[in-house]
Amino acid sequence: MAARTRAADMIGTSLQGLRIVLVEPSHPGNIGAAARAMKVMGLRHLVLINPRFFPDPEATALASGAEDILDTARVCADLDTALQGCHKVYGTSARDRRIQWPSSNAREAAGEILADLGNGDCALLFGRERTGLTNAELDRCQVLVHIPTAEEYHSLNLGQAVQVLAYELHIAARTTPPQPAAPPEEQPAPVEDMEGFYGHLQHVLRRSGFLQDLRATRMMRRLRRLFDRARPSRNEVNILRGILTEIERWAAKVDRKDQDSL
């Protein structure tokens, strides 16, 4: 019993920094089922973005012993708030993307998430029951996760999808030794720092004339992919933003000189 308790504690510690994020769930029963799936596999942190009904008796009934997960669930108004402090975001999706995006099946992703948790909090996003995650929400994910299914039928209930991923994470935590964290100065920047950088970059590229409306969305996706591969630290993001700021100052000086010469 003692050994079993120690193993459960180790699994809980390995998965402590993972947020399970449900985006705009419409059925309270799915929230309860997700909470139950999480608790039985050692996951604790549930985040809900604009749930249609919560708290709700149906969620409590379907949680069936995992009411504590519901009691401590965070309810957020938007994705930015839900992801704040995370350095990597995984998003579940069954859809193909026109731009090649890193993708993993559930088992592969579980191992990757365990390794990433060594450097801080991560998030695993699940989309709406009927429509999943939007393209804009998928753009916020560094890796897309899919659950292999039979060819003739691909549909999984939201609670079932959470259960499959929670199981794979539990097994990975049981079989994977804890990963050493990178030194603080080398740890990847949190997503809010990256989003600030992407907004700054897009502004400067538009001002320079490089980024045109017709190709802006696709180009920014490609640039996100480039920097996702680089995984810059917070200090490196600050350096990049400093470069952008100096470019803006230089451009403003050029504009003033041009106006004075008229």
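Student: What does the accessible surface of the protein chain come to, and what share of that surface belongs to carbon and sulfur atoms?

Tutor: This is a predicted model, in which local features need pLDDT of at least 70, side-chain atom pairs count only at pLDDT 80 or more, and totals for chains, interfaces and linings use all residues. Residues are numbered from 1 along each chain as its sequence is written, and side-chain values use heavy atoms, with hydrogens and water left out. With accessible areas taken from the Shrake-Rupley method with a 1.4 Å probe, where for residues only the protein chains shown count as cover, the surface comes to about 14,500 Å², and the share of carbon and sulfur atoms is 52%.

Student: Is Arg 128, which forms a salt bridge with Glu 24, buried or exposed?

Tutor: A salt bridge is a side-chain nitrogen of Lys or Arg within 4 Å of a carboxyl oxygen of Asp or Glu, and in this pair the closest N and O atoms are 2.8 Å apart. Buried means under 20% relative accessible area, exposed over 50%, and partly exposed in between, with a 1.4 Å probe and protein chains only. Glu 24, at 33%, counts as partly exposed, whereas Arg 128, because its relative accessible area is 16%, is buried.

Student: Which side chain meets Arg 206 in a salt bridge?

Tutor: Arg 206 has 36% relative accessibility and so counts as partly exposed. Its partner is exposed, with a relative accessible area of 62%, and the two side chains meet at 2.6 Å, N to O, the partner being Asp 213.
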